[in-house]
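Please look through the structure below with care, and then work through the questions and answers that follow.

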Amino acid sequence: MGHHKETFITKYIFSLDHKMIAKQFLLTGMFMALVGMLMSAIFRVQLANPGESSILYNLLPSNWVNEAGGLNPDKYLALVTMHGTILVFWVLTAGLSGTFANFLIPLQIGARDMASGFMNMLSYWFFAIATVVLMSSIWVETGPASAGWTIYPPLSALPQAIPGSGTGMTLWLIAITLFVVGSLLGGLNYIVTVLNLRTKGMSMKRLPLTVWALLITAILGVLSFPVLLSCGLLLIFDRSFGTSFYLSDIVINGEILHNVGGSPILFQHLFWFLGHPEVYIILLPALGIVSEVISVNSRKPIFGYKAMVGALLGIAFLSFIVWGHHMFMTGMNPFLGSVFTFTTLLIAIPSAIKVFNYLATLWRGNIRFTPAMLFAIAAVSTFITGGLTGLILGDSALDINVHDTYFVVGHFHIVMGLSAIYGMLAGVYHWFPKMYGKMMNKNLGYIHFWTTFICAYGVFFPMHFLGLAGLPRRYYSNTAFPMFDGLSDINDIITFFALAGAIFQVIFIFNFIYSIFKGTKTTKNPWGSNTLEWDTPIERIHGNWPGELPTVHRWAYDYSNPNSDEDFIPQTVPLKEGEEEH
Amino acid sequence: MTSILVAIVTLLVVAAMVQIVRVSELLAELKKEDVNEVTESDNKTQSILYLVIGFGFLVFVVWQMIAWNDLLLPEAASIHGAKIDALMQFTMTLILVVFFITTPMLFIFSYLYRGKKSNNAYFFAHNNKLELIWTIIPTIVLTGVIIYGLKTWNETMNMDLSSAKYIEIHSKQFGWTARYSGEDNKLGKSDFRLIDATNALGVDMTDNNSLDDKITREVHLVVDKPVLLQFRSQDIIHSAFLPHFRVQMNCVPGLITQFGFTPTKTTAQMKQEEGEDFEYILLCNKICGSAHYNMQMKFIVETQAEYDAWIAQQKTLGQKLLTQR
């Protein structure tokens, strides 16, 4: 390690240190999470009081609101689109993987930094520029992308179809291109680092589950994001250079377009070839964090370590051969539908194994309820609740009537949204002492957890019933259909919980900022943890370990091992004579 | 004015939180504890909260199932729909059983095994027998679900349509139009290049099959007679969704998609069961632009005699062509 002097710019802005880059990802992700959440608060207000004005609309550009003060229908779709894009890519991909892969991989494998610090810095800055481009699209005259976060053409290809498909969509595509470049630079780095820079004794069999999950996530990303990139490039060609990859037989606004021979369904195949692994790019890091937090705070080894790794690999493999379940209703060959139903429902097996292993880890534990632990248990709860409804959506015959309804919205917000957000929050509470050398306030953490837990289920569980009543998603309002008149109470309940849940996040933001500056000092290993990151000094140093790198002698989960008087044995402690490794 | 109020409220909230933190820090100092150290009493409080709020959530779930049961879609009004409903019932029962076993387990374990200084966790790293059991049982159950699901899917998709009436459902931003085939049950050709103000569906009038086609703004079906809907779109992907029949299919520009089914209940019957306001409705279920939320067409299921009387009143395209000339 060179001991050159760090300036403000090299330390905080163009930093090469993985820990600082992780914080940059975290803060950007948190900022984007607030933006995305605010957008959802705004469109939930519209759904509870369709067409009426609201004080919240003052936050929007003025041409989004009509003369009566109500939200314009196409801008409702803009909000939904941006909310989805921000949460899926900016918060739960970059914010989650970017933060924890950067922070935990070198620390937990005993490396001084990522394989390439420079690539790692580039990865963040591509992401940062992508963020600026995406955010700037909000203030474009015709509004940001409005075709849903899945940007299906022809809607996303034709500015005549919806105003957001003009400049806003162009900016969306540029932002996503930059985003993919950033995430590939990061992902390759994560893979190389895990495979090559493990310290002495850190065999793959001794890796903490967090690192396993982050490694597999990075592999998924590297294999699937290039497909999204090419999918987007073809769309750029269709939009700007007159090609017909996705367009055919179109008459719009009385104009007969020249495009023939393209297929909008091709886009969906390419998109979901990324899109479904993407679901697990979001979920797996959260499950990795949950495994670690549950094990540490139950003071027990994670149950079935090998099965947990196997389940991660199984889920990752299956995630590449199930994309068609998003397309059962596109008119694709029913036989293909059967194949995708089969592969999709298989994912329930590794998922069930994970749930049972979490339960077995809690069983006869000595559970310490840190805020992180509360969030980790809640993530298991949402993984169960949301995972089970997947059995309905993955079954092509049942999907006929719930496809694209609020049932889907409820399902994926619980299983992917909440589980991942809970995993991310668990990670922040758990590793905050390592990141900032301070403790987050425990009591505010408790209040934050319980309000969030109640509000989140209050928002998303009722959505299943809207879906079973036949209500389609992405409707500006459901007043045009008398058959949905009875649903306004449910919509009011959802909006109430959504607004309350959004407000309660202030507690977290406050706790986060307050604790950075005024939090109580942490000890070196506040949670009594085995993994290597707690072997490093409290102060941040570039290179992680002041002296030699540690040597690893055992797996990461020797909690309450009868061979020891303490209820944990760090990975650096050699095996006792005659002790067998697990 | 409001922004000043918001600013004041925000300041007050932040001040309140600072006070909460300060007070808890002072209290901990008095008790000679680290404020952020999780104590045994924290474990007790939080585990009880998990039990109480967790079960509160389960009660909330049950309450929703009871209170909102009437809001859900009525029983399917088609032959394949009844099979889908049966599969749904089977899957839903299975899901609820698993849900009401595993979720309480999570909350109960959290409570039972809350940390105590006097306790030691049980070192239990793996158990092949247990793991085998909970791999094999889900596998067996899923095999059943998959087989049942695929059977229903195949029956739905491979219905005998030899006697089905052909009706085209044409979609565009933001409306639906239907085209009935004539007595020959053959729809005339169409081409998007022919679409203009007088020929909204782009029907090729040089094709003899077109002359007896009829264009309508609502769809009438005969009860217990199979029908094959063929979907087209002239601009964006739309999705034809008929929730009461358990029918959904995307309408894709450049492709013709289809869905065949047999309605089993007349609109009049449904009005008796569900109330006078009941109508079968075709909705758009794929985001398609500003007025996506209001793209609908009425479907009416009636007896053969009623249908015959209605269809006889509709003019064929050939007749319309004559009057135009």
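Buried area is the accessible area, taken with a 1.4 Å probe, that two parts lose on being put together, summed over both. This is a predicted model, in which local features need pLDDT of at least 70 and side-chain atom pairs count only at pLDDT 80 or more, while totals for chains, interfaces and linings use all residues. Residues are numbered from 1 along each chain as its sequence is written, chains are lettered from A and ligands numbered from 1 in the order in which they are written, and side-chain values use heavy atoms, with hydrogens and water left out.

Q: What is the area buried between domain 1 of chain B and domain 2 of chain B?
A: The domain assignment of chain B, whose bounds come from an automatic or database assignment, gives domain 1 as 40–115 + 128–158 and domain 2 as 165–324. Carbon and sulfur atoms give 61% of the area buried between domain 1 of chain B and domain 2 of chain B, and that area is about 1,100 Å².

Q: Which residues of domain 1 of chain B lose the most area to domain 2 of chain B?
A: The area in question is the one buried between domain 1 of chain B and domain 2 of chain B, about 1,100 Å². Together, 45% of what the side of domain 1 buries comes from the three residues that lose the most, namely L73(B), P74(B) and A77(B).

Q: How far apart are the closest N and O atoms of R246(B) and D85(B)?
A: A salt bridge is a side-chain nitrogen of Lys or Arg within 4 Å of a carboxyl oxygen of Asp or Glu, and the rule finds one across the interface of domain 1 of chain B and domain 2 of chain B. R246(B) forms a salt bridge with D85(B), and the distance between their closest N and O atoms is 2.8 Å.

Q: Is N185(B) buried, partly exposed or exposed?
A: N185(B) is not a glycine, yet has a positive phi of about 60°. Buried means under 20% relative accessible area, exposed over 50%, and partly exposed in between, with a 1.4 Å probe and protein chains only. Because its relative accessibility is 24%, N185(B) counts as partly exposed.

Q: What is the omega of the peptide bond from Q173(B) to F174(B)?
A: Most peptide bonds are trans. The bond from Q173(B) to F174(B), however, is cis, and its omega is near -10°.
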